Amino acid sequence: MVLKLASTGVEKKFYELCSKLCSELNLEIYDLDYLKGSHTLRVFIMDPTTKTALIEDCSKLDRALTPFIEEEEWMPSELTLEVSSPGMFRHLSTVEHFKMSLDQDIQFTVKARLVSENFPGIPKSLQGERKVTGKLTSVSEDGICVVADDYELKIKYDDIKKANLEPALDLEE
């Protein structure tokens, strides 16, 4: 599991530019993803107070980026820009993402099935599972602790394949 935003090269330049522009617009970057093959830049932004973004926020960043897309030589000429909110089921890929999700339900997939040899006393309902939903109770630099089926799972980031927020949906009208 990658736990760093915008590591090197063009993605790093995009991150630095978007960070600067977001700061000027009183927004924050939640995540950034550059897909080289399709020349698609996906920027997930949020208002630091609401932890989400309105369409107007996305439009502001899009407009702020446009002059740079047209003028900067390092940017691909056929760049596709997608600016959006991280969404309700937002992807968790950094320590900061997990910290923002403390005391909330998350769903994560581990690389290897959960087995009693690695998790003594694990309930049968979790044995052999790879995908788990539970309440995120603590976050450290090395991993997370999630309570699922009344069992405390301590998982290292290296063992997580993917993770996302799993908000409880109120289906009552």
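Tutor: Let's take the labels one by one. This is a predicted model, where local features need pLDDT of at least 70, side-chain atom pairs count only at pLDDT 80 or more, and totals for chains, interfaces and linings use all residues. Residues are numbered from 1 along each chain as its sequence is written, and side-chain values use heavy atoms, leaving out hydrogens and water.

Student: Why is Cys-18 called buried?

Tutor: Buried means under 20% relative accessible area, exposed means over 50%, and partly exposed lies in between (1.4 Å probe, protein chains only). Cys-18 has 0% relative accessibility, so it counts as buried. Cys-145, at 4%, is therefore buried too.

Student: How do you know how many disulfides there are?

Tutor: A disulfide is a pair of cysteine sulfur atoms within 2.5 Å. By that rule the count is zero. Take Cys-18: the nearest cysteine sulfur belongs to Cys-22 and sits 6.3 Å away, and Cys-18 is in no disulfide.

Student: What makes Glu-73 exposed?

Tutor: Its relative accessibility is 81%, so Glu-73 counts as exposed. You'll find Glu-73 in the loop between helix H2 (55-71) and strand S3 (80-84); helices (H or I, at least four residues) and strands (E, at least two) are DSSP runs, numbered from the N terminus.

Student: And why is Lys-162 called partly exposed?

Tutor: Lys-162 comes out at 48% relative accessibility, so the label is partly exposed. Lys-162 is part of strand S8 (residues 160-165).
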